[in-house]
Amino acid sequence: MKNTILLLLFLVIVSCKAQIIPMNNDHVEIPDGAYLKDTENFLDKFIGTWKYQNGNEQFTIILKKKLKYNFDGYYSDILYGEYKYINPSGQIVINTLDKIDLIIDELKHNISDAMFISNNEFPKCTNCGIGEFRIKSFFDDPDISGLINCRIVFRYINPTTIKVKVLGSNGRVTNNPNDNLPDQPRVPAIEYTMIKQ
């Protein structure tokens, strides 16, 4: 009888825990209450301050990791961050770095989320290794927030170098010809080689 009670108690405890699914598990159905966990700590490789520089042009990103973000029905580890872009003329176009430590919902940051993508997923990576994963996140331009949907892709190269690809938009979410706002991100949609600072 004692063994039966212990077995039932064990089953109750196990069933109450969220089902853990490795984040790099390709396109699985996510049951309610599941936790998409960065089981191999891959996201940790992107945490920190990264900088691209070419003459006067600079692109700086700060990334942090949030464990078990609540997506209303399931949980997931995510990256979030802020950035600064200085154009080739030396003018600051965007600077949100001062917002990195604001106590706000992590998805409200200008870089947020973390979706594992393989080398065959958009954007395709012809020089990625077999089984190599990259991370795709939302990339928001704060002055035109909500008007265009942009993404950014992070590729780990080594402990001091990542490749960052800004993806252009497929156009504007709204078509109001009177607002005279851009339909592409103000950070050029190219790939940047960034060095850890």
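Colleague: Is threonine 161 buried or exposed, and what is its relative accessible area?
Modeller: This is a predicted model in which residues are numbered from 1 along each chain as its sequence is written, local features need pLDDT of at least 70, side-chain atom pairs count only at pLDDT 80 or more, and totals for chains, interfaces and linings use all residues. Side-chain values use heavy atoms, with hydrogens and water left out. Threonine 161 lies in strand β10, residues 161-167, where helices (H or I, at least four residues) and strands (E, at least two) are DSSP runs numbered from the N terminus. Since buried means under 20% relative accessible area, exposed over 50% and partly exposed in between (1.4 Å probe, protein chains only), threonine 161 is buried, because its relative accessible area is 11%.

Colleague: Which residues does threonine 161 touch, not counting residues up to four places away in sequence?
Modeller: A contact here means heavy atoms within 4.5 Å. With residues up to four places away in sequence left out, the partners of threonine 161 are Trp50, Tyr156, Thr193, Met194 and Ile195.

Colleague: How many Å separate threonine 161 from lysine 196, C-alpha to C-alpha?
Modeller: In sequence, threonine 161 and lysine 196 are 35 residues apart. In space, the distance between them from C-alpha to C-alpha is 6.2 Å.

Colleague: What is the relative accessible area of arginine 155?
Modeller: Arginine 155 is found in strand β9, residues 151-158, and its contacts beyond four places in sequence include Cys125, Cys128, Glu132 and Lys163. Arginine 155 counts as buried because its relative accessible area is 13%.

Colleague: Which two cysteines does a disulfide join?
Modeller: In general terms, a disulfide is a covalent bond between the sulfur atoms of two cysteines. With a cut-off that places the pair of cysteine sulfur atoms within 2.5 Å, a search of the whole structure finds 1 disulfide. At an S to S distance of 2.0 Å, the disulfide joins cysteine 125 to cysteine 128.

Colleague: What is the phi of lysine 68?
Modeller: Lysine 68 lies in strand β4, residues 57-70, and it counts as partly exposed because its relative accessibility is 40%. Although lysine 68 is a residue other than glycine, its phi has a positive value, near 55°.

Colleague: What is the phi of aspartate 113?
Modeller: Aspartate 113 has its place in strand β7 and counts as buried because its relative accessibility is 17%. It is not a glycine, yet its phi is positive, at about 85°.

Colleague: How many helices and strands are there in the protein?
Modeller: Read from the N terminus on, the elements run α-β-β-β-β-β-β-β-β-β-β-β. Of the contacts with a separation of 6 or more, 53% come from residues 24 or more positions apart, and buried residues make up 40% of the 197 residues. The count of elements is 1 helix and 11 strands.

Colleague: Over which residues does pLDDT stay under 50?
Modeller: pLDDT is the predictor's confidence in each residue, from 0 to 100, and the protein averages 86, with 81% of the residues scoring at least 70. Where pLDDT is low, the predicted coordinates should not be read in detail. The stretch with pLDDT under 50, for which the model has 0 contacts beyond four places in sequence, covers residues 4-15.
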